[in-house]
Amino acid sequence: MTNVYSLDGILVFGLLFVCTCAYFKKVPRLKSWLLSEKKGVWGVFYKAAVIGTRLHVAVAVACVVMAFYVLFIK
């Protein structure tokens, strides 16, 4: 189990958040509902979706590395 208050827990949460928001950007109904605001608190979802779609290769590599770390090293 990964603790959210540790550095690796924050990294796992951030990666999962970016991946989830990038997935929400591909679903039309969720895109219009959740990713319509580009500023403010709701803008965090939009910005995470943009990061996930533009840097999809880096995010995928980071997910694989973090999964290896959590499963085998920690």
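Reader: How far is the sulfur of C19 from the closest cysteine sulfur, and is that within reach of a bond or too far for one?
Author: This is a predicted model, in which local features need pLDDT of at least 70 and side-chain atom pairs count only at pLDDT 80 or more, while totals for chains, interfaces and linings use all residues. The structure holds zero disulfides, a disulfide being a pair of cysteine sulfur atoms within 2.5 Å. The closest cysteine sulfur to that of C19 belongs to C63, and it is too far for a bond, at 3.5 Å.

Reader: Which cysteine holds the sulfur closest to that of C21?
Author: Residues are numbered from 1 along each chain as its sequence is written, and side-chain values use heavy atoms, with hydrogens and water left out. C21 counts as buried at 2% relative accessibility, whereas C19 is partly exposed with a relative accessible area of 31% (buried means under 20%, exposed over 50% and partly exposed in between, with a 1.4 Å probe and protein chains only). The sulfur of C21 is 9.6 Å from the closest cysteine sulfur, too far for a bond, and that sulfur is in C19.

Reader: What pattern does the protein follow when read along the sequence?
Author: The secondary structure comes to four helices and zero strands, where helices (H or I, at least four residues) and strands (E, at least two) are DSSP runs numbered from the N terminus. The C-alpha atoms fill a box of roughly 40 × 25 × 15 Å along the principal axes. Read along the sequence, the pattern is α-α-α-α.

Reader: Which residues does the UniProt record annotate as "transmembrane region"?
Author: In the model, residues 6-24 are 95% helix and 0% strand, with end C-alpha atoms 27 Å apart, and residues 44-72 are 97% helix and 0% strand, with end C-alpha atoms 32 Å apart. UniProt positions are given in the numbering used here, feature names are shortened, and annotations may be inferred rather than shown by experiment. With that caution, the unreviewed UniProt entry places the annotation "transmembrane region" on residues 6-24 and 44-72.

Reader: Against which helices do the buried residues of helix 1 pack?
Author: The buried residues of helix 1 are D8, G9, V12, L15, V18, C21 and A22. In helix 3, G43, A48, A49, V50 and G52 are buried, and these pack against helix 1 and helix 4, contact meaning heavy atoms within 4.5 Å. The buried residues of helix 1, for their part, pack against helix 3 (43-54) and helix 4.

Reader: What angle lies between the planes of Y23 and F24?
Author: The structure holds five aromatic pairs, where rings of Phe, Tyr and Trp (its six-membered ring) pair if their centres lie within 6.5 Å, and planes under 30 degrees apart count as stacked, over 60 as edge-to-face and the rest as tilted. Y23 counts as exposed at 53% relative accessibility, and F24 is partly exposed with a relative accessible area of 21%. Their rings form a tilted pair, 6.4 Å centre to centre, with an angle between the planes of 50°.

Reader: How far apart in space are V70 and V12, C-alpha to C-alpha?
Author: V70 lies in helix 4 and is partly exposed, with a relative accessible area of 29%. Helix 4 (residues 56-73) also holds A60, whose C-alpha is 17 Å from that of G9, 51 residues away in sequence. V70 and V12 are 58 residues apart in sequence, and their C-alpha distance is 9.1 Å.
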